[in-house]
Amino acid sequence: MKSTIQKSPGMGAVLVDGVTTFRVWAPNADKLFVTGDFNDWSDTALEMEFEENGYWAATTDKAKERDEYKFLIHNGDQKLYRNDPYAFELTNSNGNSIIRTLDFDWEDDEFIIPSWNSLVIYELHVGTFNRKNPDAVGTFEDVIEKLPYLKGLGINCLELLPVAEFAGGISWGYNPAHPFAIEQDYGGPDGLAKLVKEAHKVGIAIIMDVVYNHFGPSDVDLWQFDGWSANDKGGIYFYNDHRSETPWGDTRPDYGREEVRQYLRDNALMWIEKYHCDGLRLDATSYIRYEGGGLGEDVVIEEGNQMMREINQQLQDKYPHIITIAEDLKGQEIVTNSLADGGIGYGSQWDMNFVHPVRKVLTDINDDTRDLQAIVDALEYTYSGDVFKRIIYTESHDEVANGKARVPEEIQPGDAESGFAKKRALLGIVLTLTAPGIPMLFQGQEFIEDEYFQDTEGLDWEKQERLKGISRLVGDVIKLRTGSYEGTDGLRGQNLTIVHFNLETKILAYIRGGEGEQPVLVILNFSNTEYGNYGIGIDDGINWKLRINSVWKGYDNDFSDTDVENIRKEEGETDNRDWTGKLDIPGYAALIYSL
């Protein structure tokens with residue numbers, strides 16, 4: 001029976017004033033019904049009406065919040081029970097759709113993400129970050145419990161690995177089965193909303209990782225959704241030729257269809273409007289841009305570029321403070337060039353030109369072959385004329401899995417808590433937090449977590465208790481970077497000056513800051529040799545005060561007894577400067593000075 005009640009606009013199940021409008025795109029269906037709790041799961045009680053362009057709609061005043069439902073699609077002899085592509089919640093990844101309005105009590109949440117130049121991002125996986133029970137994954141509530149810890153560390157932005165509903169309960173999240181629904185095992189929509197609200201209360205932004213380069217591949221009701229497909233491919237939501245192929249399944253969305261691009265634009269908006277997220281990180285964007293991910297001579301998918309431009313344009317127009325980040329890893333400026341200049345318009349991108357050379361230098365077993373030029377090149381690399389157009393890091397979920405370990409474990413396999421491993425890993429952290437760019441840490445990096453990342457193992461919080469001094473050091477550097485500690489706004493500027501670069505001693509020094517900014521001097525010793533009365537060039541009239549010594553014994557008992565003091569000035573040319581600053585530099589030390 002068809003309804004005569006006035007329809008509301010919008011896709012999925014739209015509940016307004018006691019009336020629910022169901023709307024779905026199924027251009028190849030012959031007829032459609034909605035079946036659910038509200039009509040005793042009848043196959044015929046609520047028939048949908050064809051509107052135009054392949055859309056169908058129906059209304060009822062019997063359905064209510066949290067009722068379960070599905071669409072029943074008739075295509076010839078096929079009868080297909082399908083979950084709502086726009087469902088905000090499911091009972092589980094292969095269960096039923098649930099009617100939700102997502103009408104949360106945000107308690108006047110008007111939080112705005114901190115300025116991009118003061119962000120320190122902490123990437124975490126909800127299922128393992130604070131997992132307490134070996135028989136259950138971690139939840140949004142478990143993350144909330146650690147917000148005071150993260151706030152104390154100085155973190156002002158969390159980036160969550162994907163939380164869209166995926167098959168099963170254990171996953172990295174990069175196999176989204178239902179892009180609009182929130183993983184039930186993590187706490188569902190209510191749990192996510194509470195996490196965002198509680199994070200905002202303590203000044204922490206939330207960036208959501210989303211996957212638009214493929215879906216699933218399992219538990220995906222979008223597959224041959226309305227019964228049509230070609231070449232035994234995925235039907236209306238997917239390419240039905242060779243372009244469907246990705247490393248993660250034969251499920252690349254068909255960006256050439258306006259309805260599919262609209263679906264992804266709507267999804268991007270949902271995270272911002274319904275969940276108050278402060279940014280999006282799009283996974284593996286090179287597989288949206290290229291058929292083969294940009295490996296070698298590859299074919300461009302211009303429709304994928306169009307889709308990403310539309311998302312960035314939409315967000316820039318409506319929410320200019322929102323940051324979008326591309327995990328592209330091709331080192332191409334088109335990704336972050338502005339839309340007006342023909343770019344794709346991302347706010348920033350993960351930088352392959354930082355992480356790979358820096359990790360290689362840190363993990364080199366020989367001081368003699370440690371390549372300081374690679375560090376300088378990594379420091380000086382920029383995209384699109386803005387140092388904050390890149391995300392810099394030494395650890396991410398990808399860099400510490402798939403055969404690659406955490407940095408300290410790579411440095412000294414089997415003994416990641418050795419003095420050498422800790423000091424060199426901290427060199428990388430200090431470099432990340434003081435270099436031009438938006439710095440990012442991966443969960444547990446601040447206490448030398450050495451296990452490679454796997455979605456079945458929680459972080460070792462006992463190690464954090466044991467290595468509190470290391471966490472304190474990382475927190476001290478973060479607070480300099482964000483401005484919680486005064487006198488270091490040069491770290492948040494565009495300028496970098498290399499002041500000392502010695503391939504023999506492996507000592508590197510640079511200044512962050514330009515005219516009108518409070519400069520910060522960073523000195524890094526990439527060798528285990530301790531130098532006494534070492535000279536670097538300084539300018540007259542500047543008195544540098546030591547702020548942080550990364551190998552101070554107060555941070556860790558394995559560290560140095562050397563008493564590092566403020567820089568002593570002597571008249572005499574060094575590094576093409578008229579004055580020489582003399583100081584003692586312990587092995588593998590990072591020293592930070594301000595005025």
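User: Which way do β3 and strand β7 run relative to each other, parallel or antiparallel?
Analyst: In this predicted model, β3 and strand β7 (residues 68-75) run antiparallel and are joined by six bridges. Within that pairing, F33 has L72 of β7 as its bridge partner.

User: Which residue in β4 is the bridge partner of F33?
Analyst: In β4, the partner of F33 is E47. Strand β4 covers residues 46-47, and its pairing with β3 is antiparallel, over two bridges.

User: How many of the six residues of strand β3 are buried?
Analyst: Five of the six are buried, so strand β3 (residues 31-36) is largely enclosed by the rest of the structure.

User: Moving on to β17. Are I323 and I325 buried or exposed?
Analyst: I323 and I325 are buried on one side of strand β17 (residues 323-326), and T324 and A326 are buried on the other, which leaves both faces covered. In a regular strand, side chains alternate between the two faces of the sheet.

User: Which strand do four bridges join to β17?
Analyst: That is strand β16 (residues 279-282), and the two run parallel.

User: New topic: charges. How many salt bridges does a search of the whole structure find?
Analyst: The search finds 46 salt bridges. Side chains of opposite charge can pair when their charged atoms come close.

User: What is the N to O distance for R261 and E258?
Analyst: The side chains of R261 and E258 meet in a salt bridge at 2.9 Å, N to O. Both residues belong to helix α5 (residues 258-273), and because they are three residues apart, about one helical turn separates them.

User: Is R261 buried or exposed?
Analyst: R261 counts as buried because its relative accessibility is 7%, and buried means under 20%. E258, with a relative accessible area of 36%, is partly exposed.

User: Which residue forms a salt bridge with R257?
Analyst: R257 forms a salt bridge with D254, with the closest N and O atoms 3.5 Å apart. In this pair, R257 is partly exposed at a relative accessible area of 24%, whereas D254 is buried at 13%.

User: How far apart are the closest N and O atoms of R390 and D351?
Analyst: The closest N and O atoms in that salt bridge are 2.8 Å apart. R390 lies in strand β19 (residues 390-392) and D351 in the loop between β18 and α8 (352-363), so the pair ties together parts that are 39 residues apart in sequence. R390 is buried, with a relative accessible area of 0%, and D351 also counts as buried, at 0% relative accessibility.

User: Which residues do salt bridges that share partners join into one network?
Analyst: The network contains E65, R66, E89, R100 and D190.

User: Last one: which residues form the negative surface patch?
Analyst: The patch is formed by D103, D105, D108 and E110.

User: Where does D105 lie?
Analyst: D105 lies in the loop between β10 (97-98) and β11 (121-124). Because its relative accessibility is 55%, D105 counts as exposed; the cut-off for exposed is over 50%.

Note on methods. Residues are numbered from 1 along each chain as its sequence is written. This is a predicted model: local features need pLDDT of at least 70, side-chain atom pairs count only at pLDDT 80 or more; totals for chains, interfaces and linings use all residues. Side-chain values use heavy atoms; hydrogens and water are left out. Buried means under 20% relative accessible area, exposed over 50%, partly exposed in between (1.4 Å probe, protein chains only). Two strands pair if DSSP finds at least two bridges between them. Patches are made of residues with over 30% relative accessible area and no salt bridge: like charges are joined within 9 Å, nonpolar side chains (Val, Leu, Ile, Met, Phe, Trp, Tyr) within 5 Å. Accessible areas come from the Shrake-Rupley method with a 1.4 Å probe; for residues, only the protein chains shown count as cover. A salt bridge is a side-chain nitrogen of Lys or Arg within 4 Å of a carboxyl oxygen of Asp or Glu. Lys and Arg count as positive and Asp and Glu as negative; His and the chain ends are not counted. The place of a charge is taken as NZ of Lys, CZ of Arg, CG of Asp or CD of Glu.
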